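The entries below follow the order in which I looked things up.

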Amino acid sequence: MGPDDRRAVRRVVVAGAGMAGVQTAVALREQGFTGTVTVIGAEPHQPYDRPPLSKAVLLGTAEGSAFDVDFDALGIELVLGREVTGLRPADHALDTEAGPVPYDVLVVATGAEPVRLPGAEGVPGVHLLRTLDDAERLRPVLARQHDVVVVGAGWIGAEFATAAREAGCAVTVVEAADRPLAGALPPEVAAPMTAWYADAGADLRTHARVARVEPGTVLLDDGTRLPAGAVVVGIGARPATAWLAGSGVALGAHGEVVADAGLRTSAPDVYAVGDCASFPSARYGERLLVHHWDNALQGPRTVAANILGEATGEAPQVYDPVPYFWSEQFGRFVQYAGHHGAADATLWRGDPSGPAWTVCWLRETRLVALLAVGRPRDLAQGRRLIESGTPMNPTLLTDPARPLKKATTV
């Protein structure tokens, strides 16, 4: 930055050393920021990627998943093993357990933390799966082929159940709702996934609520006692933002930081990105809170551009992605793009009882979301069609032999 800058940003501090925090620091350097960049992380480990935790790290086929980033070469200062405890925007100070850290611009990237099962904290053998330490604690459990009870049939529950079955464990999955992925997908779309559990040798119990957890046992509210050498809780995550209490930073209904279209918060010189922040989507006409890897990869580029742009007086960039995520479960590669909340039609490509099929959601003939099981080409083409807003021909679209890009009306 040159001497004519309106406001010299000399020090950017990033709170959070996960994907969103690390990618923000990297993007600042890639886009030419020459000031100080400090990333503060609560965990003592070198910053790492989370998706392998429920796969290769858990099964012992990989020791870890540290990001391939040369922080020294990029001039990024890492401060690890330090919790952030508060924020004072008026003082431009981030409070940590080791004292305050001054900033010119702060990026909040503290991610999300798993929801805990009430009454299960402190009971031996109860695990979460969110951190590297969690995966390290669970690895010997799988190696000993314990009876495992998984609480929650969401994405993480299914991925852990898959790994536990691969390791030879007896697996029971208990889900309070009437189907897997009840909070993520409509009933007719989640229904075919129910059979995946039995096919993999896992016992899925729906309408099943945990009354309490005892050492070695999970007691359901209908009186059923399930043997459990280990209990893995996967009932969701919430934004890790309790430390912002009293800061004046506006939070939403889920405790997330309410960011604007440029990922700026209500506090001056404070941005928020990744799992801890929601943003307004003009594409979907509503505010989105996206707890997925791709959002933590893409958002930082917008944050970095806007930090640099504010100093030079450029118009802010808008963050309005097509959300994307994937999951590997029970031998299937599941991918999702878009947001189906406002769709007015649901169309299928292929037989949902088979190994490969796609669900497409349309709004006024335009594709707004799709879920692809074993059809990565549908996902890749569909994602581009969502971005372009190209009108689709519903009759052509339901032919699974026809490429999606050739099922348009133009």
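Is Asp378 buried or exposed? I found Asp378 buried, at 5% relative accessibility; buried means under 20% relative accessible area, exposed over 50%, and partly exposed in between (1.4 Å probe, protein chains only).

I noted that this is a predicted model, where local features need pLDDT of at least 70, side-chain atom pairs count only at pLDDT 80 or more, and totals for chains, interfaces and linings use all residues. Residues are numbered from 1 along each chain as its sequence is written, and side-chain values use heavy atoms, with hydrogens and water left out.

I then looked up the partner of Asp378. Arg375 meets Asp378 in a salt bridge at 2.7 Å, N to O; the term stands for a side-chain nitrogen of Lys or Arg within 4 Å of a carboxyl oxygen of Asp or Glu. Arg375 is also buried, at 18% relative accessibility.

I went on to the other salt bridges, and the structure holds 15. Arg225 pairs with Glu214, with the closest N and O atoms 2.8 Å apart. This pair links distant parts of the chain, Arg225 in strand 15 (residues 225-227) and Glu214 in strand 13 (residues 210-214), 11 residues apart; strands are DSSP runs (E, at least two residues), numbered from the N terminus. Arg225 is partly exposed at 47%, and Glu214 is partly exposed at 22%.

Last, I checked for disulfides (pairs of cysteine sulfur atoms within 2.5 Å). The structure holds zero. I recorded Cys276 as buried at 0% relative accessibility, and Cys360 as buried at 0%.

Technical notes:
Helix = DSSP H or I, 4+ residues; strand = E, 2+ residues; numbered from the N terminus.
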